[in-house]
Amino acid sequence: MPDLLANFQRVQERIAAAAARAGRSADDVGLVVVTKYVGLDQITPLVGKGMRAIGENRVQEALEKYEKAPWRNQVEWHMIGHLQRNKVRHCLQFADLIHSVDSERLLREINRRAAELQRDVVRVLIQVNVSGEESKFGISPDEVGQLLAVAEMCERVQVEGLMTMAPYVEDPETVRPYFRCLRLLAEEMGQQGFTRSRMKYLSMGMSNDFEVAVEEGANLVRIGSAIFRE
Ligand SMILES: *Cc1c(COP(=O)(O)O)cnc(C)c1O
């Protein structure tokens, strides 16, 4: 059995060190603990120990955990995986933030379901495929402005920033340019005068590359393996 609490603390220390290298405060970087690999028995020990948000990539599994977890209101629930339109209704039952909006149709469906469920506003990020890798979800950087224009018409959706997944590589330095590209894109989009969007969050960095991502400006990192599989 891995010592989950020790792993969790170690990851927090590494985030803090990376933030310091970039002249930023550790408090500026939110950690989303990615719990998709494990059941409630392994998540529960981290509740009340500084875990603020958990990330799941499948709607059905997330909803099952959400319904069973006695501590569900003590953490934020983030949907980080690809979201199909026919799962949106279920997703809105648990998700505080959806990281993976990658089409106009999905955006409109979230808006429609939010109205139906009388949810005031649903917070989302736009997933961008910065590397252009075919296996990755997300829209290309030059489509982001268009999607934000559509979001202007979705009154129940609040775009809070951008998310990306870098390709998996041995040496995380290789993917530094992708993280930088997402940060520059967010800066550019922040200056376009959209009223329903703000570029508050940059969700980038996973177990293999989160330190580089934080150095490049990430303020949400999504980490699973380094906590649950070490
Ligand atoms: C699984 C997953 C993560 C976490 O990956 P690790 O390498 O296990 O830290 C982050 N983001 C997304 C979208 C994922 O699906």
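**Close-up 1. Tyrosine 66 and tryptophan 77 are both buried.** Buried denotes under 20% relative accessible area, exposed over 50%, and partly exposed the range in between, with a 1.4 Å probe and protein chains only. The model is predicted: local features require pLDDT of at least 70, side-chain atom pairs count only at pLDDT 80 or more, and totals for chains, interfaces and linings use all residues. Residues are numbered from 1 along each chain as its sequence is written, and side-chain values use heavy atoms, with hydrogens and water left out. Rings of Phe, Tyr and Trp (its six-membered ring) pair if their centres lie within 6.5 Å; planes under 30 degrees apart are stacked, over 60 edge-to-face, and the rest tilted. Tyrosine 66 and tryptophan 77 form an edge-to-face pair, with 5.1 Å from centre to centre and 85 degrees between the planes. This pair links distant parts of the chain, eleven residues apart: tyrosine 66 belongs to helix α3 (residues 59-68) and tryptophan 77 to strand β3 (residues 76-79). Helices (H or I, at least four residues) and strands (E, at least two) are DSSP runs, numbered from the N terminus.

**Close-up 2. Tyrosine 66 and phenylalanine 94 form a tilted pair, because their ring centres are 6.4 Å apart and their planes stand at 45 degrees.** Phenylalanine 94 lies in the loop between α4 (88-91) and β4 (97-101) and tyrosine 66 in helix α3, so the pair ties together parts that are 28 residues apart in sequence. Tyrosine 66 counts as buried because its relative accessibility is 18%; phenylalanine 94 is buried at 3%. Tyr66, Trp71, Trp77 and Phe94 make up one aromatic cluster. Arginine 72 lies over the face of tyrosine 66, 5.4 Å from the ring centre (a charge sits over a ring if NZ of Lys or CZ of Arg is within 6 Å of the ring centre and within 35 degrees of the ring normal).

**Close-up 3. Methionine 163 is found in strand β6 (residues 157-163).** Its relative accessible area is 0%, so methionine 163 is buried. Its C-alpha atom is separated by 4.4 Å from that of serine 203, 40 residues apart along the chain. Beyond its neighbours within four places in sequence, methionine 163 has contacts that include Ile80, His99, Leu125, Leu182, Ser203 and Arg222, where contact means heavy atoms within 4.5 Å.

**Close-up 4. The residues around the ligand include Tyr37, Arg222 and Gly224.** Also among them are Val34, Lys36, Met165 and Met206 (a residue is near a molecule or strand if one of its heavy atoms lies within 4 Å of it). An N or O atom in the side chain of tyrosine 37 is 2.3 Å from an oxygen atom of the ligand. A nitrogen atom of the ligand lies 2.9 Å from a polar side-chain atom of arginine 222, and a ligand oxygen atom is 2.8 Å from a polar backbone atom of glycine 224. A polar contact is a pair of N or O atoms within 3.5 Å; within protein, one must be able to donate a hydrogen and the other to accept it, and residues adjacent in sequence count only if both atoms are side-chain atoms. Of the 390 Å² of accessible area that the ligand has on its own, the protein covers 91% (Shrake-Rupley method, 1.4 Å probe; for residues, only the protein chains shown count as cover).
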